[in-house]
Amino acid sequence: MDILIDSLLAILTIYLAFRCMLAPKLSKAVFVFFAFGLMLALAWIRLGAVDVAIAEAAIASGFMGVLMLDSLRDFSLAFSENQESLEEKAAKTRTEKHKYNWTTGLALGLGLILFLLISLQAIWEVPQGGGLTAIAEENLPMSGVEHPVTAVLLNYRAYDTWLEIGVILMGLLAIFAAGGLKQYRKPGLAPAQDPLLRKTILIFTPVLFLFGAFLLYFGKMGPGGAFQAAVLWGAIGILLHLGGWPVFTVIPRQMRQILVTIGLGSFLILGFTQMATGGALFEYPPAYAGFLILVVETLAAISIAAALTAIFAFLTK
(Lines give C-alpha, C1' and ligand atoms only; values in the text may rest on other atoms or scores of the structure.)
Protein backbone atom coordinates (compact mmCIF):
# COMPACT_ATOMS: atom_id res chain seq x y z
CA MET A 1 0.00 0.00 0.00
CA ASP A 2 2.84 2.40 0.84
CA ILE A 3 4.50 1.70 -2.51
CA LEU A 4 1.24 2.47 -4.32
CA ILE A 5 0.77 5.77 -2.46
CA ASP A 6 4.37 6.84 -3.03
CA SER A 7 4.21 5.89 -6.72
CA LEU A 8 1.01 7.86 -7.28
CA LEU A 9 2.44 10.84 -5.42
CA ALA A 10 5.63 10.77 -7.50
CA ILE A 11 3.71 10.49 -10.78
CA LEU A 12 1.33 13.30 -9.80
CA THR A 13 4.22 15.57 -8.76
CA ILE A 14 6.03 15.07 -12.06
CA TYR A 15 2.78 15.56 -13.98
CA LEU A 16 2.04 18.86 -12.20
CA ALA A 17 5.59 20.04 -12.85
CA PHE A 18 5.11 19.46 -16.58
CA ARG A 19 1.69 21.09 -16.52
CA CYS A 20 3.13 24.14 -14.77
CA MET A 21 5.86 24.56 -17.38
CA LEU A 22 3.60 23.92 -20.37
CA ALA A 23 0.51 25.82 -19.22
CA PRO A 24 -0.83 27.99 -22.09
CA LYS A 25 -1.80 30.85 -19.75
CA LEU A 26 -0.05 32.48 -16.82
CA SER A 27 -3.10 32.15 -14.62
CA LYS A 28 -3.21 28.38 -15.11
CA ALA A 29 0.54 28.12 -14.45
CA VAL A 30 0.18 29.96 -11.15
CA PHE A 31 -2.61 27.75 -9.84
CA VAL A 32 -0.86 24.59 -10.98
CA PHE A 33 2.22 25.84 -9.15
CA PHE A 34 0.14 25.96 -5.96
CA ALA A 35 -0.82 22.32 -6.40
CA PHE A 36 2.75 21.36 -7.29
CA GLY A 37 4.06 22.90 -4.07
CA LEU A 38 1.48 21.05 -2.00
CA MET A 39 2.44 17.76 -3.68
CA LEU A 40 6.08 18.39 -2.81
CA ALA A 41 5.09 19.06 0.79
CA LEU A 42 3.23 15.74 0.89
CA ALA A 43 6.28 14.02 -0.58
CA TRP A 44 8.49 15.41 2.20
CA ILE A 45 5.96 14.21 4.77
CA ARG A 46 6.10 10.73 3.26
CA LEU A 47 9.89 10.89 3.63
CA GLY A 48 9.53 11.75 7.31
CA ALA A 49 10.89 15.31 6.97
CA VAL A 50 7.96 17.27 8.41
CA ASP A 51 10.25 20.29 8.91
CA VAL A 52 11.01 20.53 5.21
CA ALA A 53 7.34 19.93 4.36
CA ILE A 54 6.27 22.90 6.49
CA ALA A 55 8.88 25.13 4.85
CA GLU A 56 7.89 23.89 1.39
CA ALA A 57 4.19 24.54 1.95
CA ALA A 58 4.73 27.92 3.60
CA ILE A 59 7.51 29.45 1.50
CA ALA A 60 7.56 27.69 -1.88
CA SER A 61 3.81 27.26 -2.27
CA GLY A 62 2.30 29.85 0.08
CA PHE A 63 4.59 32.87 0.01
CA MET A 64 5.74 32.48 -3.59
CA GLY A 65 2.19 31.73 -4.66
CA VAL A 66 0.96 34.98 -3.11
CA LEU A 67 3.69 36.92 -4.92
CA MET A 68 2.75 35.25 -8.20
CA LEU A 69 -0.93 36.04 -7.70
CA ASP A 70 -0.08 39.67 -6.96
CA SER A 71 2.17 39.85 -10.02
CA LEU A 72 -0.52 38.20 -12.11
CA ARG A 73 -3.02 40.80 -10.91
CA ASP A 74 -0.72 43.69 -11.84
CA PHE A 75 0.06 42.04 -15.15
CA SER A 76 -3.64 41.60 -15.89
CA LEU A 77 -4.48 45.19 -14.95
CA ALA A 78 -1.75 46.55 -17.19
CA PHE A 79 -2.30 44.30 -20.18
CA SER A 80 -5.79 42.92 -19.67
CA GLU A 81 -7.27 43.45 -23.12
CA ASN A 82 -4.08 43.26 -25.13
CA GLN A 83 -2.75 40.28 -23.21
CA GLU A 84 -5.95 38.28 -23.60
CA SER A 85 -5.93 38.83 -27.33
CA LEU A 86 -2.25 37.98 -27.54
CA GLU A 87 -2.74 34.79 -25.52
CA GLU A 88 -5.66 33.76 -27.73
CA LYS A 89 -3.62 34.35 -30.86
CA ALA A 90 -0.66 32.48 -29.37
CA ALA A 91 -2.91 29.56 -28.37
CA LYS A 92 -4.34 29.38 -31.89
CA THR A 93 -0.85 29.53 -33.38
CA ARG A 94 0.35 26.71 -31.14
CA THR A 95 -2.73 24.66 -31.99
CA GLU A 96 -2.22 25.16 -35.70
CA LYS A 97 1.48 24.28 -35.57
CA HIS A 98 2.18 22.03 -32.63
CA LYS A 99 1.05 21.78 -29.07
CA TYR A 100 4.55 22.81 -28.10
CA ASN A 101 7.89 23.00 -29.80
CA TRP A 102 9.51 19.60 -30.34
CA THR A 103 12.81 20.85 -28.93
CA THR A 104 11.08 21.71 -25.65
CA GLY A 105 9.58 18.26 -25.46
CA LEU A 106 12.92 16.66 -26.27
CA ALA A 107 14.70 18.65 -23.56
CA LEU A 108 12.04 17.82 -20.98
CA GLY A 109 12.06 14.16 -21.95
CA LEU A 110 15.85 13.90 -21.70
CA GLY A 111 15.77 15.70 -18.36
CA LEU A 112 13.16 13.27 -17.05
CA ILE A 113 15.15 10.26 -18.24
CA LEU A 114 18.29 11.65 -16.61
CA PHE A 115 16.42 12.27 -13.37
CA LEU A 116 15.05 8.72 -13.35
CA LEU A 117 18.49 7.23 -14.02
CA ILE A 118 20.07 9.24 -11.21
CA SER A 119 17.24 8.25 -8.85
CA LEU A 120 17.58 4.57 -9.71
CA GLN A 121 21.33 4.73 -9.20
CA ALA A 122 20.90 6.43 -5.83
CA ILE A 123 18.36 3.80 -4.74
CA TRP A 124 20.56 0.97 -5.98
CA GLU A 125 23.60 2.26 -4.07
CA VAL A 126 21.82 2.71 -0.74
CA PRO A 127 23.43 0.17 1.60
CA GLN A 128 21.48 -2.11 3.87
CA GLY A 129 20.34 -0.47 7.08
CA GLY A 130 19.08 2.76 5.52
CA GLY A 131 22.29 4.40 4.33
CA LEU A 132 23.44 7.21 6.60
CA THR A 133 20.44 7.00 8.93
CA ALA A 134 22.19 4.77 11.44
CA ILE A 135 25.31 6.95 11.45
CA ALA A 136 23.25 10.13 11.89
CA GLU A 137 21.34 8.68 14.83
CA GLU A 138 24.52 7.32 16.37
CA ASN A 139 26.12 10.78 16.43
CA LEU A 140 22.94 12.56 17.50
CA PRO A 141 24.07 13.03 21.16
CA MET A 142 27.09 15.03 19.94
CA SER A 143 25.09 17.16 17.51
CA GLY A 144 23.62 19.39 20.22
CA VAL A 145 19.99 18.66 19.27
CA GLU A 146 17.57 15.77 19.69
CA HIS A 147 15.80 15.96 16.33
CA PRO A 148 17.65 14.16 13.49
CA VAL A 149 16.41 16.51 10.76
CA THR A 150 17.69 19.53 12.69
CA ALA A 151 20.99 17.75 13.26
CA VAL A 152 21.35 17.17 9.53
CA LEU A 153 20.35 20.70 8.49
CA LEU A 154 22.38 22.60 11.08
CA ASN A 155 25.25 20.30 11.99
CA TYR A 156 26.02 17.46 9.64
CA ARG A 157 25.27 19.45 6.47
CA ALA A 158 25.05 23.02 7.74
CA TYR A 159 26.45 24.41 4.51
CA ASP A 160 23.21 23.35 2.77
CA THR A 161 21.18 25.55 5.11
CA TRP A 162 23.71 28.36 4.68
CA LEU A 163 23.29 28.16 0.90
CA GLU A 164 19.49 28.15 1.22
CA ILE A 165 19.66 31.40 3.19
CA GLY A 166 21.93 32.76 0.48
CA VAL A 167 19.39 31.82 -2.21
CA ILE A 168 16.68 33.86 -0.48
CA LEU A 169 19.06 36.80 -0.15
CA MET A 170 20.02 36.49 -3.82
CA GLY A 171 16.33 36.59 -4.73
CA LEU A 172 15.96 39.88 -2.86
CA LEU A 173 19.07 41.28 -4.53
CA ALA A 174 17.71 40.19 -7.92
CA ILE A 175 14.56 42.24 -7.28
CA PHE A 176 16.66 45.28 -6.45
CA ALA A 177 18.93 44.73 -9.45
CA ALA A 178 16.04 44.28 -11.87
CA GLY A 179 14.16 47.44 -10.91
CA GLY A 180 16.23 49.29 -8.36
CA LEU A 181 15.21 50.48 -4.94
CA LYS A 182 13.70 53.69 -6.28
CA GLN A 183 11.36 51.86 -8.64
CA TYR A 184 10.17 49.34 -6.08
CA ARG A 185 9.92 51.72 -3.15
CA LYS A 186 6.25 52.37 -2.54
CA PRO A 187 4.97 55.56 -0.88
CA GLY A 188 4.05 55.30 2.76
CA LEU A 189 0.64 53.73 3.19
CA ALA A 190 -1.97 55.20 5.47
CA PRO A 191 -2.82 53.00 8.46
CA ALA A 192 -5.78 50.74 7.87
CA GLN A 193 -9.09 52.42 8.59
CA ASP A 194 -11.02 49.15 8.67
CA PRO A 195 -11.48 48.33 12.38
CA LEU A 196 -11.71 44.59 11.64
CA LEU A 197 -8.36 44.62 9.83
CA ARG A 198 -6.76 46.66 12.61
CA LYS A 199 -8.04 44.25 15.28
CA THR A 200 -6.89 41.26 13.23
CA ILE A 201 -3.39 42.66 12.95
CA LEU A 202 -3.23 43.57 16.64
CA ILE A 203 -4.40 40.09 17.68
CA PHE A 204 -2.37 37.97 15.27
CA THR A 205 0.94 39.86 15.58
CA PRO A 206 1.79 38.63 19.11
CA VAL A 207 0.34 35.18 18.35
CA LEU A 208 2.50 34.75 15.27
CA PHE A 209 5.57 36.00 17.12
CA LEU A 210 5.11 33.65 20.07
CA PHE A 211 4.30 30.64 17.89
CA GLY A 212 7.32 31.38 15.73
CA ALA A 213 9.53 31.54 18.81
CA PHE A 214 8.07 28.22 19.94
CA LEU A 215 8.83 26.58 16.60
CA LEU A 216 12.34 28.01 16.68
CA TYR A 217 13.09 26.51 20.08
CA PHE A 218 11.14 23.29 19.51
CA GLY A 219 13.20 22.59 16.39
CA LYS A 220 15.91 20.99 18.53
CA MET A 221 13.43 18.33 19.68
CA GLY A 222 10.88 18.01 16.87
CA PRO A 223 9.57 19.58 13.65
CA GLY A 224 10.39 23.27 13.60
CA GLY A 225 13.39 25.53 13.26
CA ALA A 226 14.59 28.71 11.62
CA PHE A 227 12.66 28.55 8.34
CA GLN A 228 9.37 27.69 10.01
CA ALA A 229 9.76 30.51 12.55
CA ALA A 230 10.87 32.90 9.82
CA VAL A 231 7.69 32.31 7.83
CA LEU A 232 5.55 33.32 10.81
CA TRP A 233 7.74 36.32 11.66
CA GLY A 234 7.75 37.34 8.01
CA ALA A 235 3.95 37.10 8.03
CA ILE A 236 3.97 39.73 10.79
CA GLY A 237 5.83 42.15 8.54
CA ILE A 238 3.50 41.38 5.63
CA LEU A 239 0.40 41.90 7.79
CA LEU A 240 1.74 45.22 9.02
CA HIS A 241 2.51 46.24 5.46
CA LEU A 242 -0.99 45.34 4.30
CA GLY A 243 -2.43 47.26 7.24
CA GLY A 244 -0.62 50.46 6.29
CA TRP A 245 2.45 50.13 8.50
CA PRO A 246 5.29 49.34 6.05
CA VAL A 247 7.82 48.68 8.80
CA PHE A 248 10.59 47.45 6.52
CA THR A 249 10.49 50.47 4.21
CA VAL A 250 10.71 53.04 6.99
CA ILE A 251 13.57 51.67 9.09
CA PRO A 252 17.08 52.99 8.32
CA ARG A 253 18.84 51.51 5.33
CA GLN A 254 21.80 50.27 7.40
CA MET A 255 19.45 48.41 9.71
CA ARG A 256 17.71 46.76 6.75
CA GLN A 257 21.06 45.60 5.41
CA ILE A 258 22.00 44.14 8.78
CA LEU A 259 18.68 42.34 9.17
CA VAL A 260 18.77 40.61 5.79
CA THR A 261 22.44 39.59 6.01
CA ILE A 262 22.87 38.69 9.69
CA GLY A 263 21.84 35.07 9.13
CA LEU A 264 24.25 34.45 6.27
CA GLY A 265 26.99 36.39 8.03
CA SER A 266 26.64 34.58 11.35
CA PHE A 267 27.09 31.23 9.61
CA LEU A 268 30.27 32.46 7.94
CA ILE A 269 31.69 34.03 11.09
CA LEU A 270 31.08 30.86 13.06
CA GLY A 271 32.51 28.69 10.30
CA PHE A 272 35.68 30.74 9.90
CA THR A 273 36.10 30.89 13.66
CA GLN A 274 36.03 27.11 13.82
CA MET A 275 38.56 26.86 11.01
CA ALA A 276 40.86 29.34 12.77
CA THR A 277 40.78 27.20 15.92
CA GLY A 278 41.68 24.02 14.06
CA GLY A 279 38.20 22.71 13.29
CA ALA A 280 36.28 22.28 10.07
CA LEU A 281 33.90 24.71 8.41
CA PHE A 282 30.51 24.74 10.20
CA GLU A 283 31.75 22.25 12.78
CA TYR A 284 30.51 22.87 16.31
CA PRO A 285 32.30 21.82 19.51
CA PRO A 286 30.09 19.09 21.05
CA ALA A 287 30.02 20.89 24.41
CA TYR A 288 28.58 24.09 22.88
CA ALA A 289 26.80 22.67 19.83
CA GLY A 290 23.27 23.11 21.21
CA PHE A 291 23.81 26.74 22.20
CA LEU A 292 25.57 27.65 18.94
CA ILE A 293 22.85 26.03 16.85
CA LEU A 294 20.16 27.97 18.74
CA VAL A 295 22.05 31.26 18.19
CA VAL A 296 22.60 30.56 14.49
CA GLU A 297 18.97 29.49 14.02
CA THR A 298 17.68 32.63 15.74
CA LEU A 299 19.80 34.93 13.57
CA ALA A 300 18.89 32.95 10.47
CA ALA A 301 15.18 33.22 11.30
CA ILE A 302 15.48 36.99 11.72
CA SER A 303 17.33 37.29 8.42
CA ILE A 304 14.89 35.09 6.48
CA ALA A 305 11.87 36.89 7.95
CA ALA A 306 13.36 40.26 7.02
CA ALA A 307 14.13 39.06 3.49
CA LEU A 308 10.60 37.71 2.98
CA THR A 309 9.10 40.94 4.28
CA ALA A 310 11.39 42.97 2.04
CA ILE A 311 10.50 40.92 -1.02
CA PHE A 312 6.81 41.48 -0.37
CA ALA A 313 7.21 45.15 0.51
CA PHE A 314 9.30 46.08 -2.52
CA LEU A 315 7.76 43.77 -5.11
CA THR A 316 4.04 44.10 -4.41
CA LYS A 317 1.80 47.13 -4.51
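**Entry 1: α9 against α10**

I looked up how α9 packs on helix α10 (residues 226-242) and found an angle of about 165 degrees, with the axes 8 Å apart. Axes here are lines fitted to C-alpha atoms, for helices over the stretch in contact, and angles run from 0 to 180 degrees between N-to-C directions. The pair is therefore roughly antiparallel (under 35 degrees counts as roughly parallel, over 145 as roughly antiparallel, 65 to 115 as roughly perpendicular, the rest as oblique). I noted the residues in contact (heavy atoms within 4.5 Å): among them are Leu 197, Phe 204 and Leu 208 of α9, and Leu 232, Trp 233 and Leu 239 of α10.

The model is predicted, with local features needing pLDDT of at least 70 and side-chain atom pairs pLDDT 80 or more, while totals for chains, interfaces and linings use all residues. Residues are numbered from 1 along each chain as its sequence is written, and side-chain values use heavy atoms, without hydrogens and water.

**Entry 2: α9 alone**

I took helices as DSSP runs (H or I, at least four residues; strands are E, at least two), numbered from the N terminus. Helix α9 covers residues 195-218, and its 24 residues reach 34 Å from first C-alpha to last, close to the 34 Å expected (1.5 Å times one less than the number of residues). I found a bend of about 25 degrees at Phe 204, with Pro 206 following within four residues; the bend is the angle between axes fitted to the seven residues ending there and the seven starting there.

Which residues of α9 are buried? I listed Ile 201, Leu 208, Gly 212, Leu 215 and Leu 216 (buried is under 20% relative accessible area, exposed over 50%, partly exposed in between, with a 1.4 Å probe and protein chains only).

**Entry 3: α10 alone**

I checked α10 next: its 17 residues reach 24 Å, close to the expected 24 Å. Helix α10 is mostly covered, with 14 of its 17 residues buried. Just after α10, Gly 244 takes a positive phi of about 100 degrees.

**Entry 4: Ala 57**

I located Ala 57 in helix α3 (residues 50-96). Ala 57 counts as partly exposed because its relative accessibility is 28%. Leaving out residues up to four places away in sequence, Ala 57 touches Ala 41 and Gly 62. The C-alpha atom of Ala 57 is 9.0 Å from that of Phe 34, 23 residues apart along the chain.

**Entry 5: whole protein**

I counted 13 helices and zero strands. Of the 317 residues, 34% count as buried.
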